[in-house]
Amino acid sequence: MPVARRLQTLALMLAALAGVAAPVFSWGVAQPASSPATDPPKADAEEPEPFPEPDVSAAVTDLLGQAYLTPQEKRAIRVRHGLWTEEDLADPGARARAAVVLGKWTDAALQDPACDPLDRAEGAIRVGKPADALPLIAAAESPRARRLRAEALMDLGRADEAREALLPLVSERAAEAGDVADAARGLVMLARLVGPESGQTAGYQDLLARLAKARDEMDRLSWEVSLAEAQLLYEKDRYAAVGEALQAALTLNPKTSEAWALLGMASVDGFDFAKAEAVALRLDLLTGEPGSVDAAIIRAAVRLRQSEGEEAEAILRPWVDRWPEHRRLLAWWAAAAAGRFDFEEADRRLARLDVLSPRQPLGHLVVGKAMAGSRQYDEASRYLREASARWPRWAEPQVELGLSDMQAGRTRDAEAALDRALALDRFNIRAENSLKLLRELNSYATIESDHFIVRYKPGVDEVLAREMPAVLERLHARVTGSGPGGIDHVPTGRTSVELYPDHHWFSVRITGMPRLHTIAAATGPVIAMEAPREGPGHKVGTYDWARVVQHEFTHTVTLSRTKNRLPHWFTEAGAVLLEDAPRDYNTVRLLAGAYEAEALFDFEQINIAFVRPRKPTDRSLAYAQGHWMYEYIIERWGNAAPLTLMDLYASGVREPQAFQQVLGVSRGEFLAQFKVWAGEQLRSWGMLPTDELPGIPTLLSRDAAEEPTPELIARWLGEQPQNPAVLEAAVQQREEAGGGRITGEDVDLCERYARARPVDPRPHRLLAAYWLAASEGGRAAPHLEWLDAREQSISVYATELSRIYASGGDFTRAMAKAARAVQVAPYDARTREFAATVALRAKNLDAAERHIRALVVLEPDRPVHAQRLEALLGMKQSEGR
């Protein structure tokens with residue numbers, strides 16, 4: 001492209017971008033939906049609402065409208081489908097049945113000898129009294145009786161007797177849909193004991209067929225069948241289908257607590273915490289006072305997924321006091337102790353559970369899963385291996401062990417565990433998908449450096465993979481070093497960086513990870529990233545991969561130093577700081593808006609905002625404010641202060657005590673002092689009005705005007721030539737008058753605005769565009785540098801800077817900027833060709849060879865690249881290189 005045309009194109013692009021925020025990647029963090037300066041975060045958040053009940057199936061309401069039904073028949077239908085009135089429950093038997101549906105285990109009807117013994121038995125089991133249940137169902141042989149008998153026996157640790165109670169269900173064929181559902185649920189339990197592939201129980205497809213026949217041929221209004229189907233699908237980790245089956249069950253009976261509880265746990269597994277909390281509220285409404293134990297377990301599970309062990313324990317404690325022998329509750333109680341890293345107490349609680357239920361695996365499974373979610377991989381392995389040893393034919397402990405080992409980078413162990421899981425249960429979709437990924441990874445090539453192993457799919461990704469080790473070693477030195485913000489710690493072993501060719505494989509890799517990110521994620525010793533490339537199969541296109549990986553590697557290092565025992569805000573703050581990049585203007589405006597609205601988070605709110613945001617801006621503000629507070633700690637207490645805090649966190653000291661020990665202030669005092677400092681920073685950035693330099697609304701009010709006219713702006717500018725708000729209005733006015741450009745008369749105005757508000761990209765874009773259009777690259781360069789330092793997704797600024805420096809003979813800076821452009825767009829052939837040209841002009845033949853070799857791979861259909869490579873190699877040979 002001719003030089004004049006290229007400069008004109010770039011100038012027009014810069015002018016068009018003036019005043020528009022640059023694209024920002026924040027690793028899964030939603031960007032502000034509106035300008036925080038005009039729409040600040042609200043101090044008050046709305047209270048969460050219970051998950052809405054679905055509309056009752058028209059088939060049920062139509063049935064109730066049939067004239068031929070007697071009042072007694074209609075009453076029975078209403079009770080069966082959760083549509084009862086208080087009058088319908090006058091009969092103790094009906095009231096007991098409703099209590100079972102609601103999960104209202106304290107209802108007096110469940111103690112009434114006149115009620116169905118099966119309902120009474122189920123009530124006893126659900127409050128941790130399985131021994132009381134067995135006499136009630138000793139003589140019953142229905143599928144439900146067998147299922148409940150087996151549940152009671154399992155809770156008592158009598159697994160062999162439970163198996164014998166369930167075995168008749170394999171061959172029996174029930175005539176009622178509800179009996180089919182109970183039989184299917186019993187056979188799922190049996191499969192855990194004998195293995196679904198053992199031939200001693202009904203297989204997955206057989207159970208699906210039985211349930212489908214019960215639904216389609218026996219009773220289309222059986223919510224029990226849909227619930228049993230959901231439980232079977234959940235056992236196989238088929239979450240999308242679980243949701244469909246639960247919706248079907250709840251449209252047929254909106255009060256069935258088992259369906260709601262399963263929906264809540266599936267939501268936790270899928271990291272949909274807001275939905276899980278809403279479901280917990282629905283469960284509490286169903287049961288009434290004192291609430292639902294299932295709701296408490298769901299809330300505790302959410303907290304454990306968020307590494308909030310103390311919160312989980314506080315939620316569960318009243319229920320443990322109420323029902324101290326409730327086996328499932330005690331399993332989560334042990335997980336809560338592990339969640340606050342008190343493994344001795346967790347083991348004591350598991351031992352207590354073992355007294356009640358000898359050799360049962362549930363407690364160890366729950367604790368192991370919780371520890372994998374908290375990235376305590378060694379502890380997770382210990383608990384999950386014990387769970388598997390107790391019931392070696394149950395696939396789930398092996399699946400969880402395999403997934404935990406994957407996160408820990410122990411790929412051989414993971415593959416072995418997942419192989420065993422699939423041998424036990426070939427229909428488990430998580431095991432199947434994860435094993436596919438591991439085998440895909442086995443086909444990848446590797447490149448090793450001192451501290452990293454880069455894994456990549458052979459082919460075009462080799463272009464980037466071969467360039468990564470040198471960059472990774474530089475960022476390793478920065479992150480692990482003792483410089484400003486450095487963590488001063490080197491993890492043991494190499495960190496694996498997995499470069500995935502497209503978003504599909506990347507998304508498979510990160511499925512099941514907490515704290516998900518859009519383009520890269522760290523699990524400790526493993527960092528997964530999507531190739532920064534445009535085209536089909538890619539979610540975000542090009543991005544500054546080195547900055548992204550530096551953020552993720554910081555997590556790897558802090559995880560190693562602290563055993564992942566640090567507040568959520570703190571780990572993210574350190575990672576953002578170590579990106580070594582200025583904060584963007586969107587972030588500055590978000591912080592200013594929150595400060596002015598007195599909506600900055602306290603220490604409880606900021607951690608919640610990462611995982612349970614109440615507003616679209618919450619997560620972005622949590623990242624931004626956390627980074628700001630981390631900066632303040634370093635500025636006031638020195639670089640060692642965050643590191644000392646990390647070591648205290650690793651030893652189990654909690655944040656309030658750690659702050660007092662290291663910083664000498666309480667968290668409340670810290671926030672008060674931080675806000676004073678934050679206000680000073682905002683004023684230095686020109687983001688806060690003052691009495692001397694008021695904002696536009698104040699000036700308009702003073703002058704009794706409705707809008708800032710050119711005449712008013714000119715007068716204000718004469719009165720207050722350094723007022724950032726007035727300068728912004730004047731620059732915007734000149735830009736609009738010039739059709740998106742400025743003239744030579746506006747240069748001084750833009751430069752003054754850039755000094756008054758040094759965080760706004762607008763004057764830099766306008767000035768860069770102006771000087772480039774005037775062919776004054778040297779004067780455009782400082783503004784392009786400002787823009788490039790904040791750019792994360794396009795290479796245009798770096799490319800233009802390289803061109804400017806090369807034209808002035810400064811090939812050191814030209815090469816550095818060409819390398820920066822390639823770092824952002826490593827697969828872009830034009831960027832590579834430009835970098836090769838700069839390298840040749842700089843007489844750096846090694847760099848030129850690297851870029852031309854990349855072009856041979858990127859554009860194999862262009863023989864000119866091979867010809868250039870041959871010529872270059874000839875040049876090097878002639879020079880004796």
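Two strands count as paired when DSSP finds at least two bridges between them. In this predicted model, strand β1 (residues 445–448) and strand β2 (residues 452–456) run antiparallel and are joined by four bridges. The link from β1 to β2 is a hairpin of three residues. Within the pair, I447 faces V454, its opposite number in β2.

Directly after α10 comes G195, whose phi is positive at about 90°.

The largest nonpolar core holds 258 residues, of which W545, W569, F670 and F674 touch the most other members. The largest share of this core, 11 residues, is supplied by α10. Another core lies apart from it and has 17 residues, including V399, A421, L435 and Y444. To return to F670, and setting aside neighbours within four places in sequence, this residue is in contact with F603, M629, Y632, I633, W637, F659, L663 and V665.

The peptide bond leading from E289 to P290 is cis, its omega being near 5°. P290 belongs to the loop between α15 (273–287) and α16 (293–305). Two residues other than glycine adopt a positive phi: for R375 the angle is near 65°, and for E598 it is about 55°. R375 is found in the loop between α20 (362–373) and α21 (377–390), whereas E598 occupies the loop between α30 (585–596) and α31 (603–611).

Aromatic rings form 27 pairs in the model. In one of them, the ring centres of Y204 and F427 are 4.9 Å apart and the planes meet at 45°, so the arrangement is tilted. Because Y204 lies in helix α11 (residues 204–218) and F427 in the loop between α23 (411–424) and α24 (429–442), this pair ties together parts that are 223 residues apart in sequence. Both partners are covered: Y204 is buried with a relative accessible area of 10%, and F427 is buried with 13%. A second example brings F610 and Y623 together, with centres 5.0 Å apart and planes at 75°, so this pair is edge-to-face. Here F610 comes from helix α31 and Y623 from helix α32 (residues 618–637), so the parts tied together are 13 residues apart in sequence. F610 and Y623 are both buried.

Rings also meet charged groups. The charged end of R382 is placed over the ring of Y383, at 4.3 Å from the ring centre. In a further case, R790 lies over the face of W786, 3.6 Å from the centre of that ring.

Technical notes: Residues are numbered from 1 along each chain as its sequence is written. This is a predicted model: local features need pLDDT of at least 70, side-chain atom pairs count only at pLDDT 80 or more; totals for chains, interfaces and linings use all residues. Side-chain values use heavy atoms; hydrogens and water are left out. Helices (H or I, at least four residues) and strands (E, at least two) are DSSP runs, numbered from the N terminus. A nonpolar core is a set of buried Ala, Val, Leu, Ile, Met, Phe, Trp, Tyr and Cys residues joined through side-chain atoms within 4.5 Å. Buried means under 20% relative accessible area, exposed over 50%, partly exposed in between (1.4 Å probe, protein chains only). Contact means heavy atoms within 4.5 Å. Rings of Phe, Tyr and Trp (its six-membered ring) pair if their centres lie within 6.5 Å; planes under 30 degrees apart count as stacked, over 60 as edge-to-face and the rest as tilted. A charge sits over a ring if NZ of Lys or CZ of Arg is within 6 Å of the ring centre and within 35 degrees of the ring normal.
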